[in-house]
Amino acid sequence: MRVLVTGGAGFLGSHLCDALIADGHSVVCADNLLTGRMDNLAPLANEPRFEFLHQDICVPFDPGKIDYIFDFASPASPVDYLRHGIETLQVGSVGTMNCLDLARKYHAKFLMASTSECYGDPLEHPQRESYWGHVNPVGPRSVYDEAKRFAEAATMAYHRYHHVDTRIVRIFNTYGPRLQINDGRVISNFMKQALRGEPLTVYGDGLQTRSLCYVSDEITGILALSRANDHWPTNIGNPAEFTILECAQAVLKVSGSTSTVKFEPLPQDDPKQRCPDITKARTLLGWEPKIELLAGLRLSLEYFRSAVESQAVRAQK
Ligand SMILES: NC(=O)c1ccc[n+]([C@@H]2O[C@H](COP(=O)([O-])OP(=O)(O)OC[C@H]3O[C@@H](n4cnc5c(N)ncnc54)[C@H](O)[C@@H]3O)[C@@H](O)[C@H]2O)c1
């Protein structure tokens, strides 16, 4: 297949490009580098089946005939979407609709990268796909949550009205190599602080939970969904649940750091609990995550170590 990956220079998009190339496909990556980096695509630099388009997907574009679109373009970390609030709303609405128009034009299949943030600060636990969520539509995080909810609605509408063959993946917190170290997410924050010997910042009392999926598990699940025949949202994430304090302990153990923990006030609308119910993915796709937290942190350590070192070198220049 000739596959378009929007947001392919980002954390997840670049791993997806690697996996698609490894599976024998040709890949066109469209990215405006708002939060992504060309470094993430370095392994594909000399790959003849890989093409990079420096492209804002909010502007209509046409990469030529394509068979599948993976729509992953969007700032994704709280730091990024709070900094780029308007761009986040635009890419989830105008950008996604431009990609859906391309899918319609070329009769391409379409997979939209949605998020557990669609559930907001959930009142149901763990979150099943049938739960409609508890989202503050006017809070600071609404630029992301509502953009993704709109993108889901647009995807379903193109399926219903234009018969586009669509899929929606609700991605839960994912971590691993290429996660930006300044993105404010729990693992990157803790890894960076642990490796620098600084105290690990825990917001609130640290008893709020997160479930964290290692990137190779997430990509395997997304690719399995891309081959399935189901148009409704599907959760892909790791249901093993850890408190933020337990995550901090795990990072300290894997990094061998002697850092302490410091507590700060909880940011507005920070979800207290997030955990996917993956019954649907297990049944429909026969998929479940295989890599446990400590193993995933060990697989990520080398990347974070070199990212922290290169940041320190840049700061000295
Ligand atoms: N990483 C996670 O844990 C997670 C969780 C839930 C959902 N997701 C979703 O997965 C997708 C990828 O997330 P990520 O963690 O890789 O984020 P990322 O910031 O690393 O990657 C996003 C990419 O999209 C690009 N982009 C943004 N706006 C664009 C535009 N207008 N045109 C073209 N490219 C644009 C960025 O430059 C970047 O390369 C996002 O849609 C995100 O919402 C990620």
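Let's start at lysine 148: a polar side-chain atom of this residue lies 2.7 Å from an oxygen atom of the ligand. By polar contact I mean a pair of N or O atoms within 3.5 Å; within protein, one must be able to donate a hydrogen and the other to accept it, and residues adjacent in sequence count only if both atoms are side-chain atoms. Before going on, a word on the model: it is predicted, so local features need pLDDT of at least 70 and side-chain atom pairs count only at pLDDT 80 or more, while totals for chains, interfaces and linings use all residues. Residues are numbered from 1 along each chain as its sequence is written, and side-chain values use heavy atoms, with hydrogens and water left out.

Threonine 35 has a side-chain N or O atom 2.7 Å from a ligand oxygen, and threonine 174 brings a polar backbone atom to 2.8 Å from an oxygen of the ligand. On its own the ligand exposes 830 Å², and the protein buries 98% of that (Shrake-Rupley areas with a 1.4 Å probe; for residues, only the protein chains shown count as cover).

Who surrounds the ligand? The shell has 31 residues, and the closest are Leu12, Asp31, Thr35, Tyr144 and Lys148; to be near, a residue needs a heavy atom within 4 Å. They divide into 15 nonpolar, 12 polar and four charged. Here Ala, Val, Leu, Ile, Met, Phe, Trp, Tyr, Cys and Pro count as nonpolar, Asp, Glu, Lys and Arg as charged, and the others, Gly among them, as polar. Helix H1 (11–22), strand E5 and helix H4 each supply at least two shell residues, with E5 giving the most, three. These labels are DSSP runs numbered from the N terminus: helices are H or I of at least four residues, strands are E of at least two.

Now the sheet. Seven strands form an open, parallel sheet in the order E3-E2-E1-E4-E5-E6-E11, where pairing takes at least two DSSP bridges. E3 (50–54) and E11 (233–236) stand at the edges with a single partner strand each, so one side of each has no neighbour in the sheet. The twist averages 20° from one strand to the next; axes are lines fitted to C-alpha atoms, for helices over the stretch in contact, and angles run from 0 to 180 degrees between N-to-C directions.

Helix H4 (142–162) lies across E5 (109–115), E6 (166–171) and E11, at about 155° to E5. Helix H6 (215–227) also packs on the sheet, touching E4, E5, E6 and E11, and its direction makes about 160° with that of E6. Contact means heavy atoms within 4.5 Å.

Two backbone details to finish. Most residues other than glycine have a negative phi, and most peptide bonds are trans. Histidine 125 and proline 126, though, are joined by a cis peptide bond, with omega about -10°; proline 126 sits in the loop between E5 and H4. Leucine 33, not a glycine, has a positive phi of about 60°, and its place is the loop between E2 (26–31) and E3.
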